[in-house]
Amino acid sequence: MKGLFFVRHYNDVDHIVPVIHTWARAGHECDVVIMGSPSLLDDFRVRHVASLVGVRVASIDQILSRRQWLRMRSEMFLLNRHVRRFVPQKLMIHPGKTLKDGQGGKFWIELTHTLLDRSFGDATRGVVAFDWVTSNSVIPIEWVRHVLTTAQARGIGTVSLPHGDSPHWNQLIRGSELKPEPASKFSSSKMFDRLVVPNELCAGRYRPFLEPTKIAVLGSPRYCDKWLETLSTLLPDTPLKGSPKKLKILLLLRKSEFAIFLGGSGARRANGLFLRGC
């Protein structure tokens with residue numbers, strides 16, 4: 001069976017590459033499309049799956065024409081929530097709205113057929129897989145929905161593989177959250193045929209919005225024993241050198257919006273301090 005996997009950033013590499021590895025080892029074929037930085041092509045895990053039989057890996061800029069790629073990047077840039085804070089609403093381009101009303105949506109429809117035709121041709125079996133897509137995503141959610149509905153019309157299945165393991169006992173994870181209630185941004189997962197999550201903690205985010213049969217709890221691809229054994233054979237040598245006379249501490253901090261242990265501005269100040277200290 002043929003698969004089409006979309007990879008956006010490092011979290012997708014962590015979570016989806018093990019799935020691609022297992023998919024290829026089972027004798028299936030797949031295309032992997034890097035939607036984010038082309039530098040991900042140099043990631044040792046991405047290079048590993050690119051070497052497997054039946055796997056084709058390419059950055060989106062290698063697939064699209066230069067015209068298509070420049071337009072896609074510019075519109076995705078304007079969708080970035082950090083950019084939207086400073087750009088007047090009248091100047092904003094919203095591919096999601098253009099797909100709804102048909103004005104200018106031809107470009108995103110064109111991208112859909114370019115990618116699906118490249119991977120599946122006239123085939124009526126296969127699967128399209130994204131990580132997770134919300135209203136905050138820089139990938140237009142209406143475009144993703146169009147990719148999925150077009151694939152489904154061709155008889156191709158669609159799967160969401162959210163990377164979040166959500167190992168928090170406290171349900172108030174972000175600084176802006178004041179009530180432990182379902183987050184509506186997870187409701188967009190309804191557009192997939194199936195949602196595959198690593199554990200029940202992660203599944204709990206989606207259960208208020210999906211039918212039980214649409215959710216599969218299958219364990220974590222990146223933390224399972226088989227993948228960890230494979231990963232140990234792929235890891236490149238570290239450039240860091242040990243020193244018996246020095247104590248070295250590595251602090252892995254979350255973004256300031258994940259104010260689980262520190263509050264609001266305090267989290268931001270702490271993040272800045274610790275990062276400068278490293």
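**Close-up 1. Helix 7 and helix 8 cross at roughly 45 degrees.** In this predicted model, the axes of helix 7 (residues 106-120) and helix 8 (residues 141-153) come within 10 Å. Axes here are lines fitted to C-alpha atoms, for helices over the stretch in contact, with angles from 0 to 180 degrees between N-to-C directions; helices are DSSP runs (H or I, at least four residues), numbered from the N terminus. On the helix 7 side, Trp108, Ile109, Leu111, Thr112, His113, Leu115 and Leu116 make the contact (heavy atoms within 4.5 Å), and Trp143, His146, Val147, Thr150 and Ala151 meet them from helix 8.

**Close-up 2. Glu142 is buried in helix 8.** Glu142 counts as buried because its relative accessibility is 16%, where buried means under 20% relative accessible area (1.4 Å probe, protein chains only). Its side chain makes a polar contact with the side chain of Arg145 at 2.8 Å; such a contact is a pair of N or O atoms within 3.5 Å, one able to donate a hydrogen and the other to accept it.

**Close-up 3. Val57 sits in strand 3 (residues 55-59).** Strands are DSSP runs of E, at least two residues. Leaving aside residues up to four places away in sequence, Val57 touches Val32, Ile34, Leu41, Val46, Val49 and Ala50.

**Notes.** Residues are numbered from 1 along each chain as its sequence is written, and side-chain values use heavy atoms, without hydrogens or water. Local features need pLDDT of at least 70 and side-chain atom pairs 80 or more, whereas totals for chains, interfaces and linings use all residues.

Key. Buried means under 20% relative accessible area, exposed over 50%, partly exposed in between (1.4 Å probe, protein chains only).
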